[in-house]
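Have a look at the model first, then read on.

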Amino acid sequence: MAEAHQAVAFQFTITPEGFDLQLSRQALGQIYRSGLRCWKKRISRMKNGVLKGVYPASPSSWLFVVIVILATLYTQSDPSMGLIAKIQEHLPLSLSLTLSAHGQTMVSALVFSTLLWLSLILALRFCLKVLLSYHRWMFEQHGRISTLTKVWVSLVRLLSSRKPLLYSYQTSLPHLPVPAIRDTLERFLESVHPLRSPEDLKRVNQLAGDFERTLGNRLQRYLKLKALWATNYVSDWWEEYIYLRGRTPIMVNSNYYGMDFLYVTPTTNQAARAGNTITALLLYRRKVNREELKPSRIPGTVIPLCAAQCERMFNTTRAPGEETDVLLHWQDSEFVAVYHRGRFYRLWVYRAGRLLSPREIQYQVQRILDDPSPPQPGEEKLGALTAGNRVPWARMRKQYFSSGVNKRSLDCIEKAAFFVTLDEEEQGMKGEDPEGNLDRYAKSLLHGKCYNRWFDKSFSVVIFKNGKTGLNAEHSWADAPTVAHLWELGYDTDGNCRGDVDRTLPPPQRLSWDIASEVQEQVNESLAVAQALADDVDCHVFPFREFGKGRIKKLKISPDAFIQLALQLAYYRDRGGFCLTYEASMTRLFREGRTETVRSCTSESCAFVRALVEGQERDECCRLFRKASEKHQNLYRLAMTGSGIDRHLFCLYVVSKYLGVESPFLKEVLSEPWRLSTSQTPVQQMELFDLINNPDFISLGGGFGPVADDGYGVSYIIVGENMVNFHVSCKHSCKDTDSHRFGSEIRRALIDLMTVLSSEPTGQSLEKKQL
């Protein structure tokens, strides 16, 4: 109660002599500093709003324009061609009466200069948007850049030479174009050619032709109308219909995970690791809010990428609804929500407008770890509501969490900057069974105990007992979050965070609950659903150390194409055939762009795999591999530049549903299962460590659950020059899939491809030699 008493800024009592007012200077000082922090943030936002609004120009350029116009006027010339005189004629009568003729001319010149300056800004922004709409450079061969592209690069550098803020390019990014419907249908038919029988292919061709002649063009007109009106014709529908309207559990099915370093654990002190991790994320949030981060770009180029996904990284939660969920976002939050041993806490990370030091946050976390109090009735497994089906959770939230103590506690979780779980388990690679430990590490991050994560938060940080960390991220708000920026802030020789501790800090606040028996029953039902889903997931994580992108690039091959063809070979050997394959490609060259699908299983890749398996000569295999690799790279480029297949067909399907018309073609296309779903985890542009000088600081990347019940999910991250980390998932309930078996096939396929492309004697086949 002492802390609560100190928080009162003033007290007063009524006496016969009048009011007796008692002020708390400490509390008033904290209120003053908190208010000062808020006003600083508002001023910073206003300043950044001005800087973004005039980009690629600068505010100081206004003064330059004014000086030039006034100097020209003094030479008895009229640069406005009569516009200044026209403005002077329309000045308010009050100004005309109070100002001299010379003063009226000066005011009119200032107005004209400002209008001219704004026009120049719009012209520069339009020119930059036109330049960023040029994508031919992506299709040119490496080392053979055309003169047009060289001129284009120079102009882009010229217009973006001023130091941009995080969101400076947003209004200059082009809108995602709507592909021609015939082009999309031709690419679709080409993509299914190696997967269909001749009879089935003929039937699908007929369906596509009927769709183009009848309903397709009508749907396309509506889609083009939306593209003219909306910033991005795909993103809002994709977010709503693919993510937020899903009624099945988001745990495993939608959320994904990210892992810590592979070899290094900076400290085994759980509270210390939590202190540094929380501080690092809050410092990153500060940079996002102040827009101090450099805009993301395509590596090695000046081409900016859309940064819209950074806006909802923090202070965001997914709220359940009976028909559709909604994303809730708050401007700011001064606390994080913490879960430990069945208890929820609110941990304030600011005091009097000051961010607590890592050592102070460690001190507060240690208080939580040392707290012996038991969970309240129904509190321990409450998080299972976020892991189960969405409709029951929505009903419970509406009925039992919309008022009173439950609403206040739920608000603390949902409005927190992010969620932190202090896990009681130890995870990581080291031990007697490093391979099995990595698999258990992945499963722990993907679903945990199904109740010790809050799966609705934009992301939840997990701090394990031995100091290992990881995260579980909700998928609807972003595709590749930048929460990987977890730089280490340093520890002392005892493994504690550095700095001093203010031991007068109030302890973390336990959240209170009043859990009705009906809620507890639903918690048990949701936990049963989530546990069955978690038990069915089969995960396998392994680092591939034999070679990496360095050796692949020496062969003048795209590392991503190399890995994707290895996955096709591995799947063929594992399942005896080919399948529809999904590879995620980003479309952030466009404003509010998210992802597009690259259909990696092509006629060219199938021809190469068959040639290798059948034991054809090395020269022929190399030729087919090069052809398949070039095809894959071209498909990836088309997807990045807005000429993909699946997002266009998806939006046409949504329009058909709004119009209440049925399309057999679209219905069949969108119901096809992705039995091999793949994604490359991007390496962040803000490098955390120099891997050459610090080779142990290697990221494990992250993974996700299988998309199809009878398929595989494969995530991989290309780390440094000599390693690729893989995350494979499938389901135990499917007897045809096994993550360890498929992982072995991936290893074998990677080695076989490198052997084929290296200096092997002509006429020898890899398959025959291995047999």
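This is a predicted model: local features need pLDDT of at least 70, side-chain atom pairs count only at pLDDT 80 or more; totals for chains, interfaces and linings use all residues.

**Surface patch and salt bridges**

On the charged side, the count comes to 42 salt bridges, and a few of them are picked out below.

**The patch**
- V111 sits in helix 6, which covers residues 101-132.
- V111 is partly exposed, at 34% relative accessible area.

**E239 and R312**
- These two side chains meet in a salt bridge, 2.7 Å from N to O.
- E239 belongs to helix 10 (residues 235-244) and R312 to the loop between helix 11 (270-290) and strand 4 (316-319), so the pair ties together parts 73 residues apart in sequence.
- E239 is buried at 15% relative accessible area, while R312 is partly exposed at 24%.

**D752 and R573**
- The side chains of D752 and R573 form a salt bridge too, with 2.8 Å from N to O.
- D752 is in helix 23 (residues 739-757) and R573 in helix 18 (residues 559-575), so this pair links distant parts of the chain, 179 residues apart.
- Both count as buried because they fall under the 20% cut-off: D752 has a relative accessible area of 2% and R573 has 17%.

- D325 pairs up with R318 in a salt bridge, their closest N and O atoms being 2.7 Å apart.
- D325 is buried at 2% relative accessibility, and R318 is buried at 1%.
- R247, R318, D325, R390, D456 and E474 are joined in a network of salt bridges.

Notes. Residues are numbered from 1 along each chain as its sequence is written. Side-chain values use heavy atoms; hydrogens and water are left out. Helices (H or I, at least four residues) and strands (E, at least two) are DSSP runs, numbered from the N terminus. Buried means under 20% relative accessible area, exposed over 50%, partly exposed in between (1.4 Å probe, protein chains only). A salt bridge is a side-chain nitrogen of Lys or Arg within 4 Å of a carboxyl oxygen of Asp or Glu.
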